[in-house]
Amino acid sequence: MATLTEINKQDGAPELRRRAGLLYALLIIAFFGLVARLTFLQLIQGERYTFLSENNRIRLKRVPGTRGMMFDRQGQLLVDSRPSFDLIFVPEDADDPAKTLRLLAQYLRRDENELLKTFEESKSRAAFDEMVLGRDVDWPAVVAVESHQLDLPGVSLRTRPRRNYADGPMAAHVLGYLGEINQKQLNILKEQGYVVGDEIGQYGLERRWEELLRGQSGGQQVEVDALGRRVRVLHEVTDVPGYTVRLTLDRQMQEAAYEALKGKEGTIVALDVHSGAILTLASTPAFDPNVFARGIKSEEWSALIKDQLRPLSNRATQGQFPPGSTFKIIMAIAALEEGVINPESFIQDPGFFFFGNRSFRDWKKGGHGAVNLHRAIVESCDTYFYQLGPKLGIDRIAKWARAFGLGEKSGIALDDERSGIIPDTEWKRKRYRQPWFPGETVSVAIGQGYVTVTPLQLANMMAAVANGGKLYRPYLVSKVESVDGTTVREYGPELIRTIQLKPETLNRVRSALNDVVSGPHGTGGAAKSQMVEIAGKTGTAQVIEMKSAYLKSEQLSYFNRDHAWFVSYAPVDHPEVAIAVLVEHGGHGGDAAAPMAKKVFEKFIELKKKAAEKQEVQIEGETRAN
Amino acid sequence: MQIDRRLISHFDWTLFLLSLAFVAVGVTTIYSANYDLSAGHAGPLPTRQLTWLGLGLIAMFAAMSFDYHYIDRLAYPFYGAMLLLLVLVMAVGHTGGGSQRWINLGFFRLQPSEPAKLAIVLVMAKYFQADEPPRGYFLRDLWVPFAMVAPLIVLTLIQPDLGTAIILGIVFISMVLMGGLRLRSFAYLVGAGLAFLPVAWHFLKPYQRNRILTFLDPDRDPLGAGYHVIQSQIAIGSGRLFGKGYLHGTQNRLDFLPAQHTDFIFAVFSEEWGFVGCAVLLLFYFIMIAYCLGLVQRAKDRFGALLVFGMIAIVFWHVAINVAMVAGVMPVVGVPLPMVSYGGSALASMMFAIGVIMNVSMRRYIF
């Protein structure tokens, strides 16, 4: 073949030979580059990529420990956790997420656009992270998803315990609520095993007892494939449920208090006078902690925060109010103990008291006439106590007020308790860098001026009056048990101090408090009950200073109206319970607050009778059996 | 035509055994890539790849059975056939993975873009076999080769198969440079190519643009286009020095890798055999390519040298682009790892290419 021989050049291809020689260099450079890249990936960054590949395939499925329950003192359930279902969607597991969501919307009769919107919004989440389409979905939805599982790739249900507050807002401020752990808490608590998305007690007992209520989460280490499908379980740790917490609270008394307060802003605190155990702590307006349990929406949250009536504030421990006439109890005790008055001697009350160049007005136009200590307490005569003020002096008043726990935190196991203010010369100097003016003592004498207290402090003060001077630390938790019922911790009365009081002092004050409710001219007559004898003191705390006219509270704008107080204990002979009632802007203490206290006392007596009857029946039955 | 006994004695065992070694690595890695832990086997793909090996051996021996100078006559018909097949694929092609690349032959789905790579080498070798002009080729001399190559590139781009189009273009340029293009002319060509880039961008499909953008910024879309690159790097990196062991690559076994038995098979291999395995595999490619560069130098004529060069250039560019892409230093384009990736058309074409080289190698002693 001519062409072939023509092509056949015997000397080969010299130019190509030269170029191929250059190509060796290029080849070495290219392969060197590839090996360098592999060195970087496999040898230098190998550890990091190994971590990433482990991360890829191992998912931790955490099972949070079931949170502990809370019971009242009778063993009635207050808080538990019930199973609930969250609707979960992992878009990577669905071939066509939009189609799956449309089908889902059809099965659940939900708006498909809403679901698709949620989906669009969650685009930035990490791969294979689940998105929550619905929390605590109802039973028909659970059934629908379960039965159409095959048509709904990527959709699943996850059971999780949901906190359940049996009585909704009734004891919201005591029980508190749960919320998702925030970044600040996470930084502190990371070592205790909290992770993003965990629920944690954010308020009330849920917060204060978090450690014991929480339990320990268990979990599974699951190997998954790229579709998130479970291949096998590598490790498993069982979860440990939290402790059961038994409260001193009485659910039925709490209910009575909450019902009485409904529609008003105020608080009712009831204490066992012999221990400081809190039987009732209601504060209104309240909030429903169940809303937090299902996941509070941001607009609900901002509505709660912005509400002028401050539903999130626990008025019993965080509200600081002028005590008004309830402070006269302290004044009377101080005067008797310090011996500055003869309790039997009368003074004339013209309806005002001149001190310095100022006139202090009695609440009663025209005055009470001739009053001694007893009458002054029963009728709540301001003039009598005005003149007592300068006689005692501010420092002695403060000493006795503080002895009864006013002006200091009670130490109750709830967060952000306030202390109130009991002023004296020292306080004034520190606070205002000014000397104390004697005229200021006159205002303090009737519980106005600088004095503020919390309703809990007044309840505790009444308990000390009732029990003869023992001031206990108020407490809410009596017992902590593990799930099997063994006691883990127990709490009882804790004496803060014993106030040394002469028997005569106690007798005089108690008999006056008695007549406040039961006497003919008592200001607390509205608390008089057929079921139980109640002793107490009314108070009407001015929010603004009355300049001249005697105005009825209806004539004042709402937020300027007086606060109504009633502090009390019962039964009179053998006191068991002390109650403080405060109704914000409620007007007269006798009218607004006293009837509420009466209702709670009556509930207490009713429950006691029932318990006694029950016991009697039991004893009878036992005798018969014998 | 008779078989010269001398030919048999000059049979190129080096290339033959290296090729078989690559196929062996391929089949075992394909087995691992498709291994189903619960079923305890890997399904039909490894066996099928062995069938393609049979097909490849036939192609290989066919390629060396005749004197390579006949290729001079076969080049244009072969080229024409490839052009026809690529047009055919447009008309009756089978669509898979979003592009139309295959022609169904019943027992076999032919992917014409694979043998089309060979056609470029054949026609270029034919065109440039004559002695170079003293001052090299000018751009005006390239009209004919360009007119032949352009339709192939356009047709593969339409499929769309960016990887093959790039290989076609890059092999064309390699051949042109090797054939003796003046360097200044080459510079013009590069300039023109850069000017053409925006136009090319316009013709790319959105997913292809995405891949390029993702390469430039992998975090741009870590769940979408970037996902594959990230997972592939994790697979390679987590192999570390000695690998996770055969059949123990978790990235692979748990389906985190895309196209794990085809374009991304190197990631599977790296995860299980580690840096050592990769280094050995790359060394084998290096030896094969370097050996063939030696053949280029020792070929008895320009035509043979160009054929060897073109064929080994195909191998080189496949290895370089595939490994660079899987290791995350190049955008993801569909380019198989020669003789290792699963795929009948690719394996047979590649073995045909090696066959052509062996043909030249065998006959360099015969005058």
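1. In this predicted model, helix 4 of chain B has buried residues, namely Ile71(B), Ala75(B), Tyr79(B), Met82(B), Leu85(B), Leu86(B) and Val89(B). An α-helix has 3.6 residues a turn, so residues three or four places apart point the same way. Helix 4 of chain B covers residues 71-92, and its 22 residues should span 32 Å at 1.5 Å a residue. The C-alpha atoms at its ends are 29 Å apart, which agrees.

2. The contact between the chains takes 39 residues from chain A and 44 residues from chain B. On the chain B side, helix 10 (225-239), helix 11 (250-253), helix 12 (265-298) and helix 13 (302-326) each supply at least two residues. Helix 12 of chain B gives the largest share, 11 residues. By class, this side of chain B has 27 nonpolar, 11 polar and six charged residues.

3. Chain A contains an open sheet of five strands with antiparallel pairing, in the order 12-11-23-22-21. Strand 12 (278-284) and strand 21 (535-541) of chain A each have a single partner strand, so one side of each is left without a neighbour in the sheet. From one strand to the next, the twist averages 10°.

4. Within chain A, strand 11 (residues 266-272) and strand 23 (residues 577-583) run antiparallel and are joined by seven bridges. Asp272(A) stands opposite Val577(A) in strand 23 of chain A. Helix 21 (residues 455-467) of chain A packs on the sheet and touches strand 11, strand 22 (563-570) and strand 23 of chain A.

5. Strand 14 (residues 352-355) and strand 15 (residues 358-361) of chain A pair in the antiparallel sense over four bridges. Phe353(A) has Phe360(A) in strand 15 of chain A as its bridge partner. This hairpin has two residues between the strands, and Gly356(A) takes a positive phi near 60°.

Notes:
Residues are numbered from 1 along each chain as its sequence is written. Chains are lettered from A and ligands numbered from 1 in the order in which they are written. This is a predicted model: local features need pLDDT of at least 70, side-chain atom pairs count only at pLDDT 80 or more; totals for chains, interfaces and linings use all residues. The expected span of a helix is 1.5 Å times one less than its number of residues. A residue is buried if 20 or more other C-beta atoms lie within 10 Å of its own, exposed if 12 or fewer, and partly exposed in between; C-beta atoms are placed from the backbone. Two residues are in contact if their C-beta atoms, placed from the backbone, lie within 7 Å. Ala, Val, Leu, Ile, Met, Phe, Trp, Tyr, Cys and Pro count as nonpolar, Asp, Glu, Lys and Arg as charged, and the others, Gly among them, as polar. Two strands pair if DSSP finds at least two bridges between them. Axes are lines fitted to C-alpha atoms, for helices over the stretch in contact, and angles run from 0 to 180 degrees between N-to-C directions.
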